[in-house]
Amino acid sequence: MDSASGLKRLAEDQMPGSIDAKKIKVADDAQPGRVLHIRNLPTSATEFEVAALAGPFGRVTNIMLLRQRNQALMEMEDEAVAGACCNYYKYTPGLIRGQVVQIQHSRHSELVLTAGSTSSTGAAGSDGDRPNVLHVIVENMIYPVTLDVLHTIFSKYGTVLRIITFTKNGQFQALIELSDSQGAAAAKMTLDGQNIYDQCCSMRIDSSKLSTLTVNSNNERQRDYTKPDLTESVSSVRPMLLGGAASGGSGLTGLSSVAALQSLVAGGASGPGGLGGLSANGLSALSGLGGGSPVLLVSNLCEELVTPQSLFILFGVYGDVQRVKILFNKKDTALVQFSSGQQAQTAQRHLHRVPFFGKVLHVTTSKHTSVAMPKDDQDASLTKDFSDSVLHRYRQPGSHNLQNIYAPSASLHLSNIPASFTQSDLEELFLEVASSVVNFKWLMNQRQEDESKADRRQALIQLPSTELAVQALVKFHNHKIEDRRYLRVSFAKNATVQ
């Protein structure tokens, strides 16, 4: 095992019989699947460098490095994620150590490992063994680097939980905690050495020995994004946490906190994870905490099936949706307004290129800062106000839901299930959307020791594809299954139920 990266490497002589390294061919006619074929790798490329190429698109479940051929096979969590990654690199060169790599679909439908072989990334080991807190040092800092700037950059690689900034030895530094170690590893591999702005503000990134960060109050130097209700007062970072770093200076005190990098959300010139270098003139003021417009422009919708209510349910997984407007003259396009720009960014990152009713969503930030209600009845049915909805998942400050935000996958988390409901009852319900149920599991209460005593109010269910799971979530979230009992549905942490 590569202790530095936390990945287990599969040598060519350990490869399962179904995949022969000497028989790997260019799969020009390969059907889209979960496995991607990467060619022209640098000789000493690592698993994390390969995984970083796919980091912004979704979870990587397995990687096989074919070092003698400078190639690799990479298995993604599902076909939609793999397709989005492959399509992106058709038009934008993928770079590893300055060398252009080629990415395409493989003929292999999955990477099946034998008992003597090993896997990489999320499929092996536990996240607890790998760091998810990054230590960032910004060198040659000519322009301000604020919490909003850092949040925008690192949100592309996972949910940012907490950020603490400070000054030590005359250098601006930050500790950034992400929700999972894979995203942290991808951010470190991709962003280390990158400039935030043209020819300045270069980031030097290492893994921190800390397993989590403690933020006592939200202010211009530190923020806990899972607890937006923390008192906003100026306070120093605890010296015991940073080893006395807080005494080295005042960080960004006095600097403007509205500057951020809107163009970064669309991807930099060096690929989905690269910054590409941004000029100081590219800075723009952001409306609301967290940066960016709170309104998203959603296009490529299925006109016949999509409604304001269905968009409210789907986008409401990632933030409190206030209003939804389907454009009257272009009904495959809609505007979705959130409570904050931060929530809108979270939804954009998770739902861009997600399959929905037979089409792939295209989600971008809108130039509008709010959605206006119609002045007449012309499009009254196409515009809905949900500001008073009881279905907002994050209406309570510090909601536990903030720590359970996951990308769309084939697996769903079900809660608020009546004790009288059986596995067959739930499977029969979801068969209204899918032709079959791949797997089902009752969730265990932490105090329970065996499955026979499982907490029957929560369960995991896996459907054949991400698209079907998305449709099922939209259809069955808040579905009445018993008198005064409504089913709660969200995306599960893992793409498969085991």
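I began with a working definition: a residue is buried when its relative accessible area is under 20%. I also reminded myself that this is a predicted model.

**Entry 1: helix H8**

I looked up helix H8, residues 341-351, with that cut-off in hand. Here 10 of the 11 residues are buried, so the helix is largely enclosed by the rest of the structure. I noted some of the buried names, including Gly341, Gln345, His350 and Leu351. Then I checked how the helix begins. Ser340 caps the N-terminal end of H8, with a side-chain oxygen 3.3 Å from the backbone nitrogen of Gln343. At the other end, just after H8, I found Arg353 with a positive phi of about 70°.

**Entry 2: strands S2 and S3**

How many of the residues of strand S2 are buried? I counted through residues 60-66 and got seven of the seven, so S2 too is largely enclosed by the rest of the structure. Its partner here is strand S3, residues 71-76, and the two pair in the antiparallel sense over six bridges. As one landmark, I marked Met64, whose bridge partner in S3 is Leu73. Four residues sit between the strands of this hairpin, and Asn70 takes a positive phi near 55°.

**Entry 3: the nonpolar cores**

Which residues touch the most other members of the largest nonpolar core? I found Phe315, Leu412 and Phe430, in a core of 56 residues. Helix H10, residues 466-476, supplies the largest share of this core, with seven residues. Apart from it lies another core, of 28 residues, and I wrote down Ala52, Val149, Val160 and Met203 among them.

I went back to Phe430 for a closer look. Leaving aside residues up to four places away in sequence, Phe430 touches Leu412, Leu414, Ile461, Leu463, Ala472, Phe476 and Leu487.

**Entry 4: helices H1 and H4**

Next I turned to H1 (residues 47-54) and H4 (residues 181-191), whose axes come within 8 Å and cross at roughly 95°. Angles of 65 to 115 degrees count as roughly perpendicular, and H1 and H4 are therefore roughly perpendicular to each other. On the H1 side, Phe48, Glu49 and Ala52 make the contact, while H4 brings Ala185, Ala186, Met189 and Thr190.

**Entry 5: Glu110**

Last, I visited the loop between strands S5 (99-105) and S6 (133-139), where Glu110 lies. Is Glu110 buried, exposed or partly exposed? At 41% relative accessibility, Glu110 counts as partly exposed. I also checked Glu110 against Met76: they are 34 residues apart in sequence and 9.0 Å apart in space, C-alpha to C-alpha.

Key: Residues are numbered from 1 along each chain as its sequence is written. This is a predicted model: local features need pLDDT of at least 70, side-chain atom pairs count only at pLDDT 80 or more; totals for chains, interfaces and linings use all residues. Side-chain values use heavy atoms; hydrogens and water are left out. A nonpolar core is a set of buried Ala, Val, Leu, Ile, Met, Phe, Trp, Tyr and Cys residues joined through side-chain atoms within 4.5 Å. Buried means under 20% relative accessible area, exposed over 50%, partly exposed in between (1.4 Å probe, protein chains only). Contact means heavy atoms within 4.5 Å. Two strands pair if DSSP finds at least two bridges between them. A polar contact is a pair of N or O atoms within 3.5 Å; within protein, one must be able to donate a hydrogen and the other to accept it, and residues adjacent in sequence count only if both atoms are side-chain atoms. Axes are lines fitted to C-alpha atoms, for helices over the stretch in contact, and angles run from 0 to 180 degrees between N-to-C directions. Angles under 35 degrees count as roughly parallel, over 145 as roughly antiparallel, 65 to 115 as roughly perpendicular and the rest as oblique.
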